[in-house]
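Open the model in a viewer and keep the selection tool at hand. The stops below say what to select and what is there.

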Amino acid sequence: MPDHIHTIPVLDALREPQGCAFCVMLDKLERDAIQFITGPAYMEDDIRMETNKTGFCKKHLEAIYKEQNRLGLGLMLHTHVQRLVKDLTDITEKRIPATLFAKDRGGVLNKLKSHLQNVDNDCYVCKRVESTFLRYIDTFFYLWGRAGDEARLISSQKGYCLPHFIALLAAVENLSGTRREKFLDEILPAQMARFKEMENDLEWFTLKFDHRNADEPWKSSKDALPRAIGLMGGYL
């Protein structure tokens with residue numbers, strides 16, 4: 001069965017020789033989103049309206065900064081902060097007379113805190129990535145439901161990182177009872193094997209620090225720490 005435009009990113013990630021396929025998908029989505037927003041897109045009115053409203057999280061702000069488009073980042077941050085100043089002015093001055101502000105200082109502070117928390121927890125790149133990533137999960141189950149190489153490719157996966165394994169379990173709840181049981185029968189043994197392998201590697205990694213094991217081989221545990229961090233959903 002030939003690959004289709006909506007299945008290609010998912011199939012490409014599933015064909016990676018190791019690691020979590022969903023981490024591969026997510027990494028490409030984030031890189032594509034960063035390149036998109038640091039290209040000509042930041043000058044488009046509809047895109048700029050979104051970045052003015054949401055801004056960027058710490059992780060993606062640092063990634064955008066590394067792209068070296070200082071003018072683009074400067075323009076986006078300027079109009080985002082400009083929007084923030086306007087919003088805070090509306091809360092503290094325009095919508096609340098000075099006399100009322102003095103009487104209801106606690107209420108004003110709560111509005112300020114609520115607004116700033118919403119801004120701080122929002123990110124244009126996160127939203128863009130998440131909307132596509134959710135479609136990738138749907139595509140994953142679409143491919144699994146088909147007979148042939150696509151379904152076998154999914155069945156041959158050697159597990160996923162913890163956050164994406166949890167995401168799959170959440171998505172499994174939308175399957176019918178029979179399909180749900182069939183999927184769990186396929187995914188759970190591979191996932192448990194991956195966790196067990198990591199448990200053994202981490203155990204031997206720690207035992208290697210015992211002087212009695214100094215001359216023993218590392219086996220497959222030498223890079224256990226970075227692999228364990230990846231399995232737990234961390235970034236190095």
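Predicted model: local features only at pLDDT ≥ 70, side-chain atom pairs only at ≥ 80, totals over all residues.

Residues are numbered from 1 along each chain as its sequence is written, and side-chain values use heavy atoms, with hydrogens and water left out.

**Stop 1: α8 and α11**

Select α8 (residues 124-144) and α11 (177-207); helices here are DSSP runs of H or I with at least four residues, numbered from the N terminus. Their axes lie 12 Å apart at an angle of about 95 degrees (axes are lines fitted to C-alpha atoms over the stretch in contact, with angles from 0 to 180 degrees between N-to-C directions). The two helices are therefore roughly perpendicular, a label for angles of 65 to 115 degrees.

Now show side chains: F140, F141 and W144 of α8 meet R179, K182, F183 and E186 of α11, where contact means heavy atoms within 4.5 Å. This contact has 4 nonpolar, no polar and 3 charged residues (Ala, Val, Leu, Ile, Met, Phe, Trp, Tyr, Cys and Pro count as nonpolar, Asp, Glu, Lys and Arg as charged, and the others, Gly among them, as polar).

**Stop 2: α11 and α12**

On the α11 side, select R194, F195, M198, D201, L202 and F205, which meet A224, L225, R227, A228 and L231 of α12. By class, the residues of this contact are 8 nonpolar, no polar and 3 charged.

**Stop 3: the largest cavity**

Select I154, S155, Q157, G159, Y160, F183, E186, I187 and A190, the lining of the largest cavity. A cavity is a set of points on a 1 Å grid over the protein atoms alone where a 1.4 Å probe fits but cannot get out, and lining residues have an atom within 4 Å of a point. α11 gives the largest share of this lining, 4 residues. The lining divides into 5 nonpolar, 3 polar and 1 charged.

**Stop 4: the largest pocket**

A pocket is an open set of points with protein on both sides within 12 Å along at least five of seven lines. Select Q18, G19, C20, R194 and G230, which lie nearest the centre of the largest pocket among its 32 lining residues. α2 (21-37), α10 (162-172), α11 and α12 each supply at least two residues of that lining. Its classes are 16 nonpolar, 9 polar and 7 charged.

Terms used
Parallel < 35°, antiparallel > 145°, perpendicular 65-115°, else oblique.
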